[in-house]
Amino acid sequence: MRPKKISARVLFSALVILVLFSLPGQAVDSVRRTNPLLRILFADNLIHMVCYGELAFITWWDHSRQKRNPLGRGKIFLYCFLYSFFIEIYQHVLPFRSFEVSDLFFNAIGILITLFITCFI
């Protein structure tokens, strides 16, 4: 069985997440302080759920259109969650970021909500 291709959309989404979650925490905190609405929109937990939910959706969208052997939701969850775990390990190595289990939890929640919604599409 040939390995599945990773689309440019999925790679771009993964790259954006890598860049966003590599930024120093002070950069995001300074933006949050400027406006009360931005405090809600840039809430850490919400950002994690939205970013990984978006990655799960794009992965599901690309693989659901394949005629032969589309990738199942369980594998999509596993791949997206493992990517989020990789990002947390990467953040642990960075001097201005840290590994947080709560981030992994909210990443998983975002992925699960998205994949649940795709059941109705």
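In this predicted model, the largest nonpolar core is built from 18 residues. Within this core, the residues with the most contacts are Ile17, Phe21, Tyr52, Leu55, Ile76 and Tyr83. H4 gives the largest share, with seven residues. Ile17 shows how this looks up close: leaving aside residues up to four places away in sequence, Ile17 touches Cys51, Tyr52, Leu55 and Tyr83.

Next comes the pairing of H5 and H6. Helix H5 covers residues 73–93 and helix H6 covers residues 101–118; the two pack at an angle of about 155°, and their axes are 10 Å apart. Angles over 145 degrees count as roughly antiparallel, so that is how H5 runs relative to H6. Their crossing is right-handed. On the H5 side, the contact is made by Arg73, Ile76, Phe77, Cys80, Phe81, Ser84, Phe85, Glu88 and Gln91. These meet Asp103, Leu104, Asn107, Ala108, Ile111, Leu112, Leu115 and Thr118 of H6. Sorted by class, the contact between H5 and H6 holds 10 nonpolar, four polar and three charged residues. Ile76 turns up in this contact and also among the core residues with the most contacts.

Thr118 leads on to H4. Helix H4 spans residues 44–64 and includes Trp61. Trp61 and Thr118 sit 57 residues apart along the chain, yet their C-alpha atoms are separated by 8.8 Å.

Terms used
Residues numbered from 1 in each chain as written. Predicted model: local features only at pLDDT ≥ 70, side-chain atom pairs only at ≥ 80, totals over all residues. Heavy atoms only, no water. Axes fitted to C-alpha atoms, helices over the stretch in contact; angles between N-to-C directions. Helix = DSSP H or I, 4+ residues; strand = E, 2+ residues; numbered from the N terminus. Parallel < 35°, antiparallel > 145°, perpendicular 65-115°, else oblique. Left-handed = near helix turned anticlockwise from the far one by under 90°. Contact = heavy atoms within 4.5 Å. Nonpolar A, V, L, I, M, F, W, Y, C, P; charged D, E, K, R; others polar. Core = buried A, V, L, I, M, F, W, Y, C linked by side-chain atoms within 4.5 Å. Buried < 20%, exposed > 50% of the residue type's maximum accessible area, 1.4 Å probe, protein only.
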